[in-house]
Amino acid sequence: MTAVEARPTARSTTGRSGHGLTVVAAVVTAATVLFVGITAVRLVQAAPRSGGWHWVLLAVAVLGALAALLLVLPVLSAVRYGRLARAAEAREDPVAVRRDRFRGRNAARLAIGLCVATVIATFFVVFLLANDHAVQSTFFAPDMVARSWWDVTKAFGKNVFIAVVAEVIVLAWGLLVALARLAPGPGGRPIAWLATVYIDAFRAVPAIIVIYLVGFGLPLAGVPVLSSMSPTWAAIFALVLTYGAYVAEVYRAGIESIHPSQMAAARSLGLSYPSTMRFVIVPQAVRRVIPPLLNDFIGLQKDTALVTVIGTVEAFTQAKTYASNFFNLSSVTVVAALFVLITIPQTRFVDGLLAREQRRLQAR
Amino acid sequence: MSPISFLEIEGLRKSYGANEVLRGIDLSVEQHQVVCLIGASGCGKSTLLRCVNALETIDEGQIRLDGDVVSGEGTDVDRLRRDVGIVFQAFNLFPHMRVLDNITLGPRRIHRHSRAAAEAQALELLERVGLAAKAGAYPDQLSGGQQQRVAIVRALAMNPRVLLLDEITSALDPELVAEVLGIVRDLAAEGMTMLLATHEMSFAREVAHTVCFLHEGVILEQGPPERIFGAPTEPRTQAFLHRIVEAGRL
Ligand SMILES: Nc1ncnc2c1ncn2[C@@H]1O[C@H](COP(=O)(O)OP(=O)(O)O)[C@@H](O)[C@H]1O
Ligand SMILES: [Mg+2]
């Protein structure tokens, strides 16, 4: 037998050369760089001629423009891979052709994606500059931020206090309501029914209305103990009522997600229903519901700003005072930034937990 | 009147909706005896076992344990279950507890044993099934065979008077079956009263005093294993055993 010369083929190639995509990427990148450049120039023009702020804006403009130049890199990379692919074609290496074309297309796609993101971000800067940068000075006036941030941040301590106390109470109250909703037997049915009514009602009523009713209504009603609550505790009470309903449903979903065979195994040992719940079902359910629970808590934290309607002095109330005194909303922007600051680590943490859970399930 | 047996099931009927799963079961288990339930999948073996320790309610008939009626409304099921242990096909260990805590949960919470006493007893039982080293492990760190051995120990730790075993090797890889059956064999030798559903025919033949062939919710034929496996009289028992032999399971 004579050996047949083995020539590699790459039949599973996608075939497209990627030239077209590279050209598109180049055009888009050129347009983006131009847009960023023009915006940078306008930014410098709009800046006040004096003070530290001028230098900050100048620095932002220059850095932005320089960063935009980096957008050219993936296009260059796409061009380079196109050239490599042609060289591979010349030496009849179909696998290398396919690989380099693939890399070239990916580089072009990266270039286009970066440009889209940059254009959107630049539009935001354009928006700030609109109407003689009125937007910027209304929402992001540096002197207003400097004047208000410390008072607002101190008042934000009240939001944190309300949120933390409400969360601790909700943790227990929600579980209690969930267990009531699942109460078994003839004695349990009326209790379960009552729990359902509570959950349905407080999930339906907007939190701001519950806060309003509790904060203003209870003192008017003159109920002992409840009426003498400070606005802060009224706010906590109202948030517990609202979020207790949400969290009860989270717990219930968790409890119902535990396989019935766990209940059978525990009961078959002779454990009573309450013991089974306490030692077997609830501990497993709680582990499962931590991520959705934390999501509800993030919602609760944000809703602490609503208590401003009953005059609890917290960050938003404080910021509004500044805003109305100076006809400028920058102090409110500070509140927004504070919420972003405390929320982002928590959402990342929840995402991390969920990702870990996902990996654990896939490892099975 | 026949003399009273230790566990007696009489005229037991059970339906799920319109589906009558058990259609008049009469069965008795003497003390220190092993009774095996065999029959095709879906014939009602699990349902029967679950009825015996009241995980399912029964529609008609009666179950008696040591002369005491343990079925019907108002039965203290928690009390009954202390005497009647069950081991499931899927182990059903508590995944959030270590092996030791799985085993001591019942003795500590029901018998009110001290932690030290319960753990000493658990370790002794684990020793017997060769798993003392795994006392601190979590169930998902164990093989199926090890988990099932722990599940048996968990049931034994309650000192049951009867043990129900529901196809306890069906979820195991073939090479792990022997280690679990070995324990059941030891229990039988020690005189544990057991009622078990199984597909392991050679094992049933070896340990059972009585084999019951269950078909569509009735016991078609029962007797000593030599007779049921050697000379079944019912054509449907013959057909079932024939299928088992063809599948290479006997
Ligand atoms: N919880 C249930 N609800 C409705 N039908 C059931 C339930 N459990 C078992 N069954 C039905 O009862 C029959 C007997 O089931 P089972 O006792 O598990 O059989 P086996 O253990 O012999 O395989 C089957 O037809 C099954 O579908
Ligand atoms: Mg079964």
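Colleague: Which side chain of chain B has an N or O atom 2.5 Å from an oxygen atom of ligand 1?

Modeller: That is B:Thr47. A polar contact here is a pair of N or O atoms within 3.5 Å. Backbone N or O atoms also approach ligand oxygens: B:Lys45 at 2.9 Å and B:Gly44 at 3.1 Å. The protein covers 58% of the 560 Å² of accessible area that ligand 1 has on its own (Shrake-Rupley method, 1.4 Å probe). Keep in mind that this is a predicted model, where local features need pLDDT of at least 70, side-chain atom pairs need 80 or more, and totals for chains, interfaces and linings use all residues. Side-chain values use heavy atoms, without hydrogens or water; residues are numbered from 1 along each chain's written sequence, while chains are lettered from A and ligands numbered from 1 in written order.

Colleague: Which element gives the most to the shell around ligand 1?

Modeller: A shell residue has a heavy atom within 4 Å of the ligand. Here α1(B) leads, with 3 residues; β2 (19–29) of chain B also supplies at least two. Helices are DSSP runs (H or I) of at least four residues, strands (E) of at least two. The shell includes B:Tyr16, B:Asn19 and B:Cys43.

Colleague: How are two packed helices described?

Modeller: By the angle between their axes and the distance between the axes. In chain A, the axes (lines fitted to C-alpha atoms, angles from 0 to 180 degrees) of α5 (142–181) and α11 (315–326) come within 7 Å and cross at roughly 155°. The two are therefore roughly antiparallel (over 145 degrees). Among the residues in contact (heavy atoms within 4.5 Å) are A:Phe156 of α5(A) and A:Tyr322 of α11(A).

Methods. Parallel < 35°, antiparallel > 145°, perpendicular 65-115°, else oblique. Polar contact = N/O pair within 3.5 Å; in protein donor to acceptor, adjacent residues only side chain to side chain.
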